[in-house]
Amino acid sequence: MVSTLVLVATGVVLYMLVAMALRARGLLPDSVRISGPITTIHTQRGKVLLDRLARPKRLWRAWGNFGIGIALVVMFGSFFAVLFAGITALTNPQPSPVTEPQNVLVIPGVNEFLPLSVAPEIVLGLLVGLVVHEGGHGLFCRVGDIRIESMGLALLTIVPVGAFVEPDEESRNRADRGAQTRMFAAGVTNNFAVAVLAFALLFGPVVGSIAVAPGAAVGDVVPDSPAAAAGIERGDRITAVNGQRVDGAAELDAAMLDAGRAVQVTVDGERQVTLERDLLLTRTTPSVVGDLDASGGPPRIEAVNGRSVNTEGEFYDALAESAVSTVRTTGGTFEMVGGAYVESVTPDGALAEHVPTGGEHTIIITRFAGERVVTYEQLNEVRQRTSPGDTVSVQVYVDGEPRTVEVTLGRTEGVEGGTLGIALRQGTGGIGVDDTGIQPYPAARYLAVLSQDGWSVGSFFQRVAFALFLPFVGAVGAQGLTYNFAGFVAPITDFYVVQGPLAFLGGGVFLLANVLFWVAWINLNLGFFNCIPTFPLDGGHILRTSTESVVSRLPLPNGGRRRLTTAITTVISMTMLAGVFLMVFGPQLLT
């Protein structure tokens, strides 16, 4: 099957051939110019409107000065962010889907985090971002009495990728340094303003009109699993188990634990199906399970220490009988320590003085405070009954060797009970099991991220910062959010209901939420990107005018000032270009 990237590349080549043929025959108007795959449309229209809008010059200068301050702060942060990302890519290259070159492009279908289902909203966000960005440049040209040669739109074939304002170079050079800086900063200031406005509307009345639908949301179904056999699909909601109401994933797990092998499940409040549970090994750690045969899909767990098991409850009960167990699966047999698997140990944590802190060791806790623990949930349940400063007995297996240690528990802000200073992996002993094949979707958590609880400036911008990561949050696994959030699109909309002040819009609330999310997301990213201090971005021009302002105060001749300004801007600009290159291409080239 031909990939989307190949189809797009073929379309671009065909467009270039047709466009060049039309240009050669003189069939294109003078306002349309072709340069490879880039088409620019030039116009003189809009100048009169800009002159009218620019009349309250004192007001616009105040806004421009505010924008300069914002741009300088973001530029400073961008410099260190790009520098750090480049150094990290050079010293510890770790390829990931987020750093794949095609995922830098804001093209739905090519960028794997931007699905085609929200392509209209993404294109609208790009158009809004480009118009307000270049409109800001044009407006502040007139505020600073800088003439405009032309304005227009830049297209990658037929996809809008940029807008532009062409100031008259001679007029711009005659303008004072402040007017030039305000003009360069105006675009990113407008992008940030649009993003803040869109996020405020999204977090407030729009998301306030959306609630989580009852039931456990099904984010995905494991192929050839019991759920797949029962006809349960992505987008379904499990609303009852054996007649017991289910409101979320936690209630589903609790209801399933002792429900038996054959379970009557209610889907979407109306459809009844029978789920014949079968225990699947869904996540493995090579150092624990060795080399299992998974050619026929996830191996099925058949027995623990010779005892037949079919459900998670039976599996955990069998593991609890002994610290080390023999597990038989359809893909082979392995021995494992049944306990809470420690993913990392904080060097100054309570457990650190008793176990190695390097990530190359396998550490599993089997007993805590005198109680047998098999899963990370059981360990946390027992731990929450303790207090900071308590000394408890902990049985831990380090690389398969048992040891019992006395640990004085520490304190962690916001965490109930005494703490060990560790991070735990879900499941038991480094593996994950599932007896249904249902992978829950954390609908309530995504809605909570987008819901504004109070209107303090700090909480608002915290949500904005987290919203930036939502389109690829599943790839990094932040805070247990395992799915990339592209907005309220089908079938995700099946997990929510519309209520509250905008209920009269019905399903239109989801469309409005998607528009606001992508307009805000794209404008924020456009603003951050253009603040990188390198040419030809706005950040590079602001860097030059700001450097000139500082250097002009030094006791140097004019030639020396120009050379020093050029040296500073060139070094910073080249450093940023190298950092961006390493950030995008380094992980692939260096591994």
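**View 1. The β9–β10 hairpin of the predicted model.** Strands β9 (residues 262–267) and β10 (residues 271–276) form a hairpin with three residues between them; in the turn, Asp 268 has a positive phi of about 55°. The two strands run antiparallel and are joined by six bridges, where pairing requires at least two bridges found by DSSP. Val 265 stands opposite Val 273 in β10. Helices (H or I, at least four residues) and strands (E, at least two) are DSSP runs numbered from the N terminus. Residues are numbered from 1 along each chain as its sequence is written. As the model is predicted, local features need pLDDT of at least 70, side-chain atom pairs count only at pLDDT 80 or more, and totals for chains, interfaces and linings use all residues, while side-chain values use heavy atoms, without hydrogens or water.

**View 2. Helix α16.** Ten of the 14 residues are buried (under 20% relative accessible area, 1.4 Å probe, protein chains only), including His 541, Ile 542 and Leu 543.

**View 3. The largest nonpolar core.** This core (buried Ala, Val, Leu, Ile, Met, Phe, Trp, Tyr and Cys residues joined through side-chain atoms within 4.5 Å) has 74 residues; among those touching the most other members are Phe 199, Tyr 441 and Tyr 496. Elements giving two or more residues include α3, α15 and α16, and α6 gives the most, with 14.

**View 4. Surroundings of Tyr 496.** Contacts (heavy atoms within 4.5 Å) of Tyr 496 include Tyr 441, Tyr 446, Phe 488 and Phe 510, not counting residues up to four places away in sequence.

How values were computed. Buried means under 20% relative accessible area, exposed over 50%, partly exposed in between (1.4 Å probe, protein chains only).
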